[in-house]
Protein chains: 2
Amino acid sequence: MRPTAKDLAVEAGVSLATIDRVLNGRPGVRPRTVTKVNEAIERIGFVRNLAAVNLARKKSYQFRFLLPDHGDQFLDVLVKHIEEAKKSFADEMADVAATRLPVDDPYKLAAYLSGLDAETTQGIAIMAPESPQVRDAINRLLERGIEVVQFLAGQPKAGSNDFVGINNHAAGATAAQLIGRFSGGRKGKILVVSETMQAHDSIERRLGFDAVINREYPGLLPLPSVETRGDTARTRRIFENVFANHPDITGLYVMSAEARIPVREISMVAKAPLVKIVHERTPFTEAALKSGKIDAVIAQNSGHLVRSAIRILKARIDQRTPLASQEKIRIEILIKENL
Amino acid sequence: MRPTAKDLAVEAGVSLATIDRVLNGRPGVRPRTVTKVNEAIERIGFVRNLAAVNLARKKSYQFRFLLPDHGDQFLDVLVKHIEEAKKSFADEMADVAATRLPVDDPYKLAAYLSGLDAETTQGIAIMAPESPQVRDAINRLLERGIEVVQFLAGQPKAGSNDFVGINNHAAGATAAQLIGRFSGGRKGKILVVSETMQAHDSIERRLGFDAVINREYPGLLPLPSVETRGDTARTRRIFENVFANHPDITGLYVMSAEARIPVREISMVAKAPLVKIVHERTPFTEAALKSGKIDAVIAQNSGHLVRSAIRILKARIDQRTPLASQEKIRIEILIKENL
DNA sequence: GTATTTTTGAGGTGCGCACCTCAAAAGTTG
DNA sequence: CAACTTTTGAGGTGCGCACCTCAAAAATAC
C-alpha cells in the first residue's frame, strides 16, 4: 500500500495539519519543521494521491483548441483527433473542445482571446501565425491564469516548452536528405512549393532544406519557392512556366500541409518521373504514397500532437513538469511500407 | 460542472442506492429501472468520475516488465524508459517495475510466472520468445486475473491487442525499400545479418525484406541470413568469407537489435562504401547515424512502447478499450536529420 | 519573569463514489 | 386479501486529501 498523508505525519512526528501546511505551502511553519517533513517524504517515498487531491479541490480542466476556420485535409485530421482526445481525457476530468476561427485576422483572434473567461477555460492551444496583437493577447491570458501553448504555428520561444510541433528546420533538412538519397546521384533542379511563404514554418523548412541540399548534394539545385495560394489555376500556370524554363527538374518538395494541388498539377506538366516529397499524413497523401504518386511524407503524428498539447497544459496547471521524452514531437518519415 | 451520481439519481427519478446498483451491476433491479437509468445517463451525459471510483475502491495498479537478463544497449534504453514511466504513472496510482530473467529458458520463466501473486501484481508485460510452457503459464495467469501483454517478442495473436510492438514484416519491408532507394539503381548483393534467426521477429523481418527487394529491386540480391550469435570473432570470420565469395556486396541490413558487432566488423572487411540499415535507436546507432557510419535506422519509440504496454494493461483492468490510434506502434525511419 | 507572537495540533466538513445494512414500498402468489 | 418475494430508498462509513476553525503549546520579545 502506498503511504498516505497520515503515514507521513507519523513518520515526520508532526500532525496532519502540519503535513497539510507543508504540502500546500501554507504559511506559519518553521523551516526546521518543513525540512523534517520533506525528509520524511523522501524516507517513505510519499507521493500525493493526485486523484484524491483533485477530488478534494473539485478541480477539472477545460481546454480549447483554436484552429483556422478555412481548412485542408490536415485540419480535418486534427479535428478528428481532438474529438478522440475529448473522449479519452474525459476520464481525467479534462474537457476538450475545438473552435474554428479566422486566425489570419490578428484583431479578431485577439478579441476572441480577450473574451475568454478563466472560469470556463483553463488552457488553450493556439494554431495561428505570430502577430503583435496575438502575442499581447497571449500575455494577457497568462496574466489571467489561462495557460497557453502554441500549436504547430507561430514563433516558438526558445527553451520553453510552449510550442507543440516539430522542428521545422530539421523537417526541411530531412526532406532534403531524402530527396538527395532518392535521386540516386542524378543531377537536376528541385521545385520547392508552398501554399504561402508568409508562414514561419515554411520559411524554416526552406532554410533547413537548402542547408542540406547545398552541403551534401551539389548536383541538385533547389529553385526559388513557388506559392500556390491554394489556387489550382495559378499553380498550373506557374508550373508550366517553371518547367518551360527548367526542363531538368527532377524533384518536388511541397513544404505546406496542403499537398493536393501541387501533386495533381505537377503530374500534368512533368514528363519524366520526379522524386516527390510532401508534408503531413492525410487521406490524400496516404493514397498518393500507396499508389506511388509521391515518394515520401514528412509527418508529425497528429494524435500525438493533440494529446501532447493537452498534457502540457494539464501539467502546467498542476505545476508539474511534463515528461520531456514523451512530449517531443518526432519528425516521421513515411513511405508506403511503414504507413 | 460535470453531473454527479446525485444529479443522475434526480434525472432518473430513482435513489442513489439504485444508481449504485445499476452502475456497478448489482442484482435486484428491475430491467425497466435499469433502462430508465441508462436513458438518464445518455440524456445528461453522465460519466463516472474515475478518480473518485478508484479512490473509493482503493484500487491501485502494480505492473511488471519481464525482460531478458542478458542485454544489449536497446535493453538498457528500455529499462531507462521503464524507470521514467514509473515516475510518470505514479500519479495514476500505477507502480511499475522491471525484472530481468533468463527468458530463453522456458521452464524458469514459466516457474517465475506461476509464482506471481494476483494480490501484488495486476499485470505484466513479457518480452520472451514463444514456447508451449510460457504460453500455458500465460493462460494460467489470465485465469488468475493477472493481465498480460506480449512485449516486442513472441507470437502476436491476430486481432487481439495483446502484442505491443511493431509489425516486423512491415519493418523488414521498410528496410528493403530504403536500401533499394538509397542504392540509386546500382546492382549488388545485400548482406543480411541477425544475432539469431531463432527469434520470430527476425524471421518476419526477413520475409518482409525479401518480399520488397524481390518485387521492386531486381538488381539487388539479398544473401542468406547470417547469424552473429553476439560473437565478434565469429562475425568477422563469416564476413571475410562472405566478402571473398561475393565481392559485389553493396548493402547491409542488420535485423536484430544489437547492431554494434556487425557494423564495426563490416567496416573492417568492406572496401567500398555500403548502404547500411539497422534496427532500434540506441546510443550506438545514434552516433553511427550522425557520423555517417550507417544510413538509416528502423526504430520503434521505446518510451512509447513502455507507456503503451502500461496503458493497455490498465485499460484492461478498468474494462476500458484502449485508444487504438495511440497504441499502434509506428515504424520510425531515422536518418541523421530527424534524430 | 510576563506578555506577545509564532508554530503546532485536534477536529470537522466535503469532494464523488463504493459498499453495506435495514426498513419501507411495490409486486406477485395462492 | 393475506403472505410472500422482489425492488427501492434512506442512511451510514470510508477512500486520501484540501481547507477551515479554534485552542494549546512553544518560541520570542520586553
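User: Is B:Arg229 buried or exposed?

Analyst: This is a predicted model, in which local features need pLDDT of at least 70, side-chain atom pairs count only at pLDDT 80 or more, and totals for chains, interfaces and linings use all residues. Residues are numbered from 1 along each chain as its sequence is written, while chains are lettered from A and ligands numbered from 1 in the order in which they are written. A residue is called buried if 20 or more other C-beta atoms, placed from the backbone, lie within 10 Å of its own, exposed if 12 or fewer, and partly exposed in between. Because B:Arg229 has 11 other C-beta atoms within 10 Å, the residue is exposed.

User: In which loop is B:Arg229 found?

Analyst: B:Arg229 is not a glycine, although its phi is positive, at about 55 degrees. Helices (H or I, at least four residues) and strands (E, at least two) are DSSP runs numbered from the N terminus. On that numbering, B:Arg229 is found in chain B, in the loop between strand S8 (226–227) and helix H10 (232–245).

User: Is A:Ser202 buried or exposed?

Analyst: A:Ser202 is found in helix H9 (residues 200–216) of chain A. Leaving aside residues up to four places away in sequence, A:Ser202 touches A:Ser194, A:Thr196, A:Met197, A:Met255 and A:Ser256, where contact requires C-beta atoms, placed from the backbone, to lie within 7 Å. Since 23 other C-beta atoms lie within 10 Å of A:Ser202, the residue is buried.

User: What relation superposes chain B on chain A?

Analyst: Copies are superposed by least squares on the C-alpha atoms of residues with pLDDT of at least 70 in both. Chain B is brought onto chain A, with an RMSD of 0.3 Å, by a rotation of 180 degrees with 0.1 Å of shift along its axis. That is the relation of a two-fold axis.

User: Which helix gives the most to the surface near DNA strand D?

Analyst: A residue is near a strand of this kind if its C-beta atom, placed from the backbone, lies within 6 Å of it, and 24 residues surround DNA strand D, with A:Thr4, A:Ala5, A:Ala56, B:Ser15 and B:Thr33 the closest. Helix H2 (16–23) and helix H4 (50–57) of chain A, together with helix H2 (16–23) and helix H4 (50–57) of chain B, each supply at least two residues of that surface. The most, five residues, comes from H4(A).

Key: Contact = placed C-beta atoms within 7 Å.
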